[in-house]
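This briefing is written for a reader who has the sequence and the model open side by side. Please consult both while reading the points below.

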Amino acid sequence: MKQKKCAVVNRELCVACGSCQKVCPMGAIRVYKGLYAITDGARCIGCGRCAKECPASVISLEARHEN
Amino acid sequence: MKTEKRWYDYLWIAELVYFSLGFFNILFAWVGLCMFFIPLLLALAGWDKAYCNRYCGRGQLFALLGGRLGLSRWRHVPGWLRSRFFRYGFLLFFMVMFCNMLHVTWLVYSGAENLRQVVTLLWVFKLPWHWAYSGTATPWVAQFAFGFYSVMITSTVLGVISLLLWKPRSWCVYCPMGTMTQLICRAKHQ
């Protein structure tokens, strides 16, 4: 079993500015209906660019388990 | 993976052109109303936060200054800054100051006050700006231009301070337009 990381957004605090989707190399994160950003777990490679760029610092990288 | 640049990725140039034109002729400040109404109209028309996400030249400018030019310290913004209490409070404060600017414009229109050829920075500091007005427009038109340019300069200065202290687009965290458009989206979708 290997462990990968994936971006997770705190939806309560996300300001939906879209900084994350601009820097994501995989197009794995987008702003949903102007409310908050959502990640596509299948595409996210856990590079952390979105987390670094996020001005509100509401994106974290969390471990996910894959078989 | 390098993404292809689109025309709207260069809107930061429009932002610089706007401030440059306003420096020489204050009447160009009126053009800034586009940056006020377009985000709201897009949000109301179902484009949600497309303005923030794609077309905000100011956000692009901050990203450029803080990211490409390396002016940001890349620190996290303080928790209170991203709280809803502060964001809504700042939006309220900004709107009150905007209404105050409209009131001053009304006073000049009605003849109760004379035109003040100053740009007010951070709502306090009055900078002389008389060279930018040659007397070609009616006084209230010029007064609104001085007032609106003050709003635009103030928010840009706050944005630059924010990018120097924290991350490039830290201004987006408490940008009144961003907060307003997100409120519209909340009202529509939640």
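A:P55 lies in the loop that joins α2 of chain A to β4 (59–66) of chain A; helices (H or I, at least four residues) and strands (E, at least two) are DSSP runs, numbered from the N terminus. The model is a predicted one, in which local features need pLDDT of at least 70, side-chain atom pairs count only at pLDDT 80 or more, and totals for chains, interfaces and linings use all residues. Residues are numbered from 1 along each chain as its sequence is written, while chains are lettered from A and ligands numbered from 1 in the order in which they are written.

**Surroundings of A:P55**

- A:P55 counts as buried because it has 30 C-beta neighbours inside 10 Å; a residue is buried if 20 or more other C-beta atoms lie within 10 Å of its own, exposed if 12 or fewer, and partly exposed in between, with C-beta atoms placed from the backbone.
- Leaving out residues up to four places away in sequence, A:P55 touches A:C17 and A:S19 in chain A, and B:V77, B:K167, B:R169, B:S170, B:C172 and B:V173 in chain B; contact requires C-beta atoms, placed from the backbone, within 7 Å.
- Between A:P55 and A:A37 there are 18 positions in sequence and 13 Å in space, C-alpha to C-alpha.

**Chain A and its interface**

- Chain A comprises two helices and four strands, in the order β-α-β-β-α-β from the N terminus.
- The radius of gyration of chain A is 11 Å, which agrees with the value near 11 Å for a compact globule of 67 residues; the radius is taken over C-alpha atoms, and the globule rule is 2.2 Å times the number of residues to the power 0.38.
- The C-alpha trace of chain A spans about 35 × 20 × 20 Å along its principal axes.
- Of the 67 residues in chain A, 39% are buried.
- Among the contacts in chain A with a separation of 6 or more, 60% link residues 24 or more positions apart.
- At the interface, 15 residues of chain A are in contact with 21 residues of chain B.
- The side of chain A that touches chain B consists of nine nonpolar, five polar and one charged residue; Ala, Val, Leu, Ile, Met, Phe, Trp, Tyr, Cys and Pro count as nonpolar, Asp, Glu, Lys and Arg as charged, and the others, Gly among them, as polar.

**Nonpolar cores**

- The largest nonpolar core has 38 residues, and A:C50 and A:I59 have the most contacts inside it; such a core is a set of buried Ala, Val, Leu, Ile, Met, Phe, Trp, Tyr and Cys residues joined through C-beta atoms within 7 Å.
- The elements that each supply at least two residues of this core include β1 (2–9) of chain A and α8 (176–189) of chain B, and α7(B) gives the most, with four residues.
- Beyond its neighbours within four places in sequence, A:C50 is in contact with A:A7, A:C20, A:V23, A:C24, A:I29 and A:I59.

**Hairpin and positive phi in chain B**

- Strands β1 (residues 118–121) and β2 (residues 125–128) of chain B pair in the antiparallel sense over four bridges; pairing requires at least two DSSP bridges.
- These strands, β1(B) and β2(B), form a hairpin with three residues between them, and B:L122 in the turn has a positive phi of about 55°.
- B:W74, in the loop between α4 and α5 (84–110) of chain B, has a positive phi of about 60° although it is not a glycine.

Notes. Two residues are in contact if their C-beta atoms, placed from the backbone, lie within 7 Å.
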